[in-house]
Amino acid sequence: MSQPVATVRGEATLQGPPDLAGLSVTVHRAGDSAATVRRALAAASADVGAAVDPQRTAIESGPGASVHVAPVFARQGRRVTGYRGSWSTQLSVTDFDVLGPLVSALSGLDQVQVDGPWWSLRPQNPLQREARLAALDDARRRADDYAAALGATVVDVLEVSDLEGGGGAGRFARSAALARGAVPDEPELDLEPAVQTVTGQVTVRFLLSPAVLGPQP
């Protein structure tokens, strides 16, 4: 007779502070030609860079910038009445003390939209590993409970299957979506970091010793 096997699922949920705050910065411009819009976007992107420079040490390199330029058509027909475009970039802020001043500086620029922050954990954050190990501990406790109920013990591990958990996905805390000029001497934005939740899930197959089943009550 083969020995019994217990297949259990372990879960764990841990929380901790974020590592990064993501911001999206978009510049909008319009003009009578595509060349005019491109030049305006180039100048505006330089203004964004100047606003970011004082906080550069607190910002990690983003995925780069993107540009969009398109014609504007009349309501009827295909006549082009002008052009409009946008330039956008993503910023990852590591020092949250500069987040408020940075958002204020960027949103004070002409026709600039700022969205965020999106809070997130780095993939190598220790909380990720701790959640996986805590899920494995939970699976072992469940297996021990089942084994004890059968009058058996856990004697070996047959298989471990790591399931995709909740991860450290970025959470949007407060919207910093702002456009155009900031009001002079306005209070500094309070962008409180959002607690991050990491979920670990694992399925484990344990080999049990032979069960000792007593009579049913």
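1. A crossing of two helices is left-handed if the near helix is turned anticlockwise from the far one by less than a right angle, and right-handed if clockwise. By that rule, α1 passes α2 in a right-handed crossing. Helices (H or I, at least four residues) and strands (E, at least two) are DSSP runs, numbered from the N terminus.

2. This is a predicted model: local features need pLDDT of at least 70, side-chain atom pairs count only at pLDDT 80 or more, and totals for chains, interfaces and linings use all residues. Residues are numbered from 1 along each chain as its sequence is written, and side-chain values use heavy atoms, with hydrogens and water left out.

3. The chain holds 3 helices and 10 strands. Read from the N terminus, their order is β-β-α-β-β-β-α-β-α-β-β-β-β. Of the 217 residues, 36% are buried (under 20% relative accessible area; exposed is over 50% and partly exposed lies in between, with a 1.4 Å probe and protein chains only). Among contacts (heavy atoms within 4.5 Å) with a separation of 6 or more, 84% are between residues 24 or more positions apart.

4. Two packed helices are described by the angle between their axes and the distance between the axes. For α1 and α2 the angle is about 155° and the axes are 9 Å apart. Axes are lines fitted to C-alpha atoms, for helices over the stretch in contact, and angles run from 0 to 180 degrees between N-to-C directions. The two helices are therefore roughly antiparallel, a term for angles over 145 degrees.

5. A nonpolar core is a set of buried Ala, Val, Leu, Ile, Met, Phe, Trp, Tyr and Cys residues joined through side-chain atoms within 4.5 Å. The largest has 26 residues, and L23, V48, L91, V93, L102 and L106 have the most contacts inside it. Two or more residues come from each of β2 (20-31), α1 (34-52), β5 (80-93), α2 (99-107) and β6 (112-120). The largest share, 6 residues, is that of α1.

6. What does L102 touch, leaving aside its neighbours within four places in sequence? Its contacts are L23, A51, V52, Q55, I59, L91 and V93. A second, separate core has 13 residues, including V8, A12, A135 and A147.

7. Strands β2 and β6 run antiparallel and are joined by 7 bridges; pairing requires that DSSP finds at least two bridges between two strands. V27 has V112 in β6 as its bridge partner. β6 is mostly covered, with 7 of its 9 residues buried.

Methods: Angles under 35 degrees count as roughly parallel, over 145 as roughly antiparallel, 65 to 115 as roughly perpendicular and the rest as oblique.
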